[in-house]
Amino acid sequence: MEHGLGSDNQSALLLAVLALGATASDPIDSHKTRHSGDGLIREAVKIVYKSWASSFGGDITLSQAVILCALYFTYKVEPLAAWRLVHMASTTIQQIMIRCKDRFSTEVETQEIHRLCWVCFILESDILAEFHQPRSGIEIVVDQIPFPNYGQSPLPDHLYSLAEISARSLLNRIHHTVYFKESSTVYAGQNSPGASAPMQASPPRLDPSLSRVCEELGHQLETWYDSLPEIIRPCLGDEFEGGRHSIMLRLRSAQCCLACISVLSIAFQSPPLQGLVGDIQMLQNIVIKLLERWAFSGSSIESALDIAKYIAKKQYFYYGYQ
């Protein structure tokens with residue numbers, strides 16, 4: 001770097017930072033296909049692809065550069081390109097984790113690696129919640145490491161970061177519950193694929209574990225919100241106080257609510273579970289009103305709002321609410 005930009009990982013990291021800054025400064029336009037940082041990010045991606053292909057021991061700077069490239073494509077709403085880069089960053093970080101077990105690592109280096117792990121976890125989880133792609137294994141890694149250590153007196157920004165991690169973990173649990181095939185068939189009152197068909201249709205029987213799942217997910221969401229320190233706890237009403245971190249936390253809360261209402265709406269379709277759900281129309285309307293405040297044109301929350309409205313409309317059409 002003493003002689004300017006080159007083809008090393010530090011140059012790629014700098015190019016990615018500049019690309020993010022340039023594109024983030026562009027006026028917001030949902031129809032825009034070109035951004036100010038596109039040329040810079042292309043050069044950064046060329047470097048990291050070549051470096052990643054020839055790196056087998058892991059490199060922190062390379063991991064940072066790849067993560068920032070993934071963030072760029074996430075910002076541009078190109079999730080598949082972002083997924084590929086996150087997958088690359090994750091495997092590189094896991095190589096570093098293996099290397100660190102074999103030699104002495106300082107606390108500073110360990111914390112840096114842990115934070116990279118958690119960033120990869122959040123990015124990959126956000127993408128895979130909407131797109132069915134292979135997982136990199138970072139979920140297994142973060143299950144074995146602590147949260148980032150920000151000392152005895154963490155700043156609000158640090159607390160927001162920890163809250164973001166815990167919210168994403170909760171969303172993953174909800175996501176696995178909704179899309180776990182065996183559970184879904186039981187929610188719908190269906191037999192497993194391998195089971196023989198009965199001679200006569202019998203009423204579906206309640207699996208006690210399913211009601212516990214719904215109760216536990218709701219309890220975890222309430223616990224997550226109540227456990228947030230007062231200084232960062234988002235107001236779920238009409239007030240819009242706080243900075244960008246507070247806004248992101250409110251959006252995470254909205255995502256959790258949408259995921260929970262999806263589980264409850266599925267449970268409502270099962271006769272044995274209907275009575276445990278409560279007033280599903282009221283719950284759906286609460287989520288819809290919550291999302292409406294954030295659903296500006298072209299946003300992912302607008303899509304989430306459309307999904308919530310579609311679920312409510314379809315359920316009302318089939319079942320009604322007496």
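**Ground rules.** I am working with a predicted model, where local features need pLDDT of at least 70, side-chain atom pairs count only at pLDDT 80 or more, and totals for chains, interfaces and linings use all residues. Residues are numbered from 1 along each chain as its sequence is written, and side-chain values use heavy atoms, with hydrogens and water left out.

**Entry 1: H1 and H2.** I took helices as DSSP runs (H or I, at least four residues), numbered from the N terminus. How do H1 and H2 cross? Their axes come within 8 Å and cross at roughly 150°, which makes H1 roughly antiparallel to H2 (over 145 degrees). I noted the axes as lines fitted to C-alpha atoms over the stretch in contact, with angles from 0 to 180 degrees between N-to-C directions. The contact (heavy atoms within 4.5 Å) includes Leu15, Ala19 and Thr23 of H1 and Ile41, Ala44 and Val48 of H2.

**Entry 2: Leu5.** I found Leu5 in the segment before H1 (9-24). Leu5 touches Ser11, Leu14 and Leu15, not counting residues up to four places away in sequence. From Leu5 to Leu15 I noted 10 residues in sequence and 8.6 Å in space, C-alpha to C-alpha.

**Entry 3: His35.** Next I went to the loop between H1 and H2 (38-53), where His35 sits.

**Entry 4: H3 by itself.** I checked the length of H3 (residues 60-75): at 1.5 Å a residue, its 16 residues should span 22 Å, and the end C-alpha atoms are 23 Å apart, which agrees. The expected span is 1.5 Å times one less than the number of residues. At the N-terminal end, Asp59 caps H3, with a side-chain oxygen 3.0 Å from the backbone nitrogen of Thr61. Just after H3, Val77 takes a positive phi of about 60°. Among the buried residues of H3 I listed Leu62, Val66, Cys69 and Tyr72.

**Entry 5: H3 and H5.** Last, I looked at H3 with H5 (residues 107-128): the axes come within 11 Å and cross at roughly 25°. H3 and H5 are therefore roughly parallel to each other (under 35 degrees). Their contact includes Ile60, Ile67 and Leu71 of H3 and Ile113, Leu116 and Leu123 of H5.

Key: Helix = DSSP H or I, 4+ residues; strand = E, 2+ residues; numbered from the N terminus. Buried < 20%, exposed > 50% of the residue type's maximum accessible area, 1.4 Å probe, protein only. Polar contact = N/O pair within 3.5 Å; in protein donor to acceptor, adjacent residues only side chain to side chain. Parallel < 35°, antiparallel > 145°, perpendicular 65-115°, else oblique.
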